[in-house]
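Have a look around first, then read the points in order.

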Amino acid sequence: MVDTMVDQWDGARATRDPARCRAQLMAAGRTLFAVYGYARTSVEDLCAAAHVQLRDFYREFESREALLVDLYDEVAIGGMRAAEVELSAEGIETCSTEERIRRLFDAYVRVVTRDPQAARVAFVEVLGVSRAMDDHLTMWRTVWVEFLTREAERAAQRGHGLDGDLTVVVKVLTRSVDELLAHHGRRPRQVPSDWLTSELTRMSLAMIGPSAPPETSA
């Protein structure tokens, strides 16, 4: 009886507080999508876990997929901001290309893998959901292609030999990042974040090519 009253009180309080309601639904989505899968989780399941009413859900989100998009964006924005912050960190402009790439990927990976449930939702549960979701992921890949293209151009200016079309190289790298993060999302204990950083750094250096040796005078 006491538990029922507490649940009712929590639900009513969430309804009165839109920010709390949204936070509870985001937390419920993060957990249920990760544990049971997006396809097996209904709006009713989300409301029950968040202790909110169905009408409260639809005040915050147009659909279950809209919640999934927001959960993805939460992770993606966090990772992008971490990489951008690292670009302003001490020593980033004077270190070697290898160290710069490692630091950028380390900042990104640490944030996007910090919560295993959030990582699974962002890199596994979003796959194959709908055309609209695929278009949203493509938009984010475009953002990362621009970011990584600037880094590849900088590496080229510092003497790294880029073979072939730079755009193609960066797009392949971006896809590789997605695949490795999906692999981590499915098996976080088998694919730790430190390994991800090392592997992404290695792949990036392999794609942009080694730096040219300094010219020697005759």
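1. Start with confidence, since this is a predicted model. The protein chain has a mean pLDDT of 87, and 86% of its residues reach 70 or more.

2. Two stretches deserve a bit of caution. Over residues 1–15, pLDDT stays under 50, and the model has 12 contacts beyond four places in sequence for them. Residues 214–218 also have pLDDT under 50 throughout, and there the model shows 0 contacts beyond four places in sequence.

3. Now find helix 5, residues 64–87. Its 24 residues reach 35 Å from the first C-alpha to the last, close to the 34 Å expected at 1.5 Å a residue. Look at its N-terminal end too: Ser63 caps it, with a side-chain oxygen 3.4 Å from the backbone nitrogen of Glu65.

4. Helix 8 covers residues 131–157. With 27 residues at 1.5 Å each it should span 39 Å, and its end C-alpha atoms are 38 Å apart, so the two values agree. At the start of helix 8, a side-chain oxygen of Ser130 comes to within 3.4 Å of the backbone nitrogen of Ala132. After helix 8 comes Gly159, with a positive phi near 100°.

5. How do helix 5 and helix 8 sit against each other? They pack at an angle of about 5°, their axes 11 Å apart. Angles under 35 degrees count as roughly parallel, so helix 5 and helix 8 are roughly parallel to each other.

6. Helix 5 has another partner worth a look: helix 2, residues 18–36. Here the packing angle is about 90°, with the axes 10 Å apart. Since 65 to 115 degrees counts as roughly perpendicular, that makes helix 2 roughly perpendicular to helix 5. On the helix 2 side you'll find Arg22, Leu25, Met26, Gly29, Arg30 and Phe33; they meet Arg64, Leu67, Leu68, Asp70, Leu71 and Glu74 in helix 5. This contact splits into 6 nonpolar, 1 polar and 5 charged residues.

Terms used:
Residues numbered from 1 in each chain as written. Predicted model: local features only at pLDDT ≥ 70, side-chain atom pairs only at ≥ 80, totals over all residues. Heavy atoms only, no water. Axes fitted to C-alpha atoms, helices over the stretch in contact; angles between N-to-C directions. Helix = DSSP H or I, 4+ residues; strand = E, 2+ residues; numbered from the N terminus. Parallel < 35°, antiparallel > 145°, perpendicular 65-115°, else oblique. pLDDT = per-residue confidence, 0-100. Contact = heavy atoms within 4.5 Å. Expected span 1.5 Å × (residues − 1). Polar contact = N/O pair within 3.5 Å; in protein donor to acceptor, adjacent residues only side chain to side chain. Nonpolar A, V, L, I, M, F, W, Y, C, P; charged D, E, K, R; others polar.
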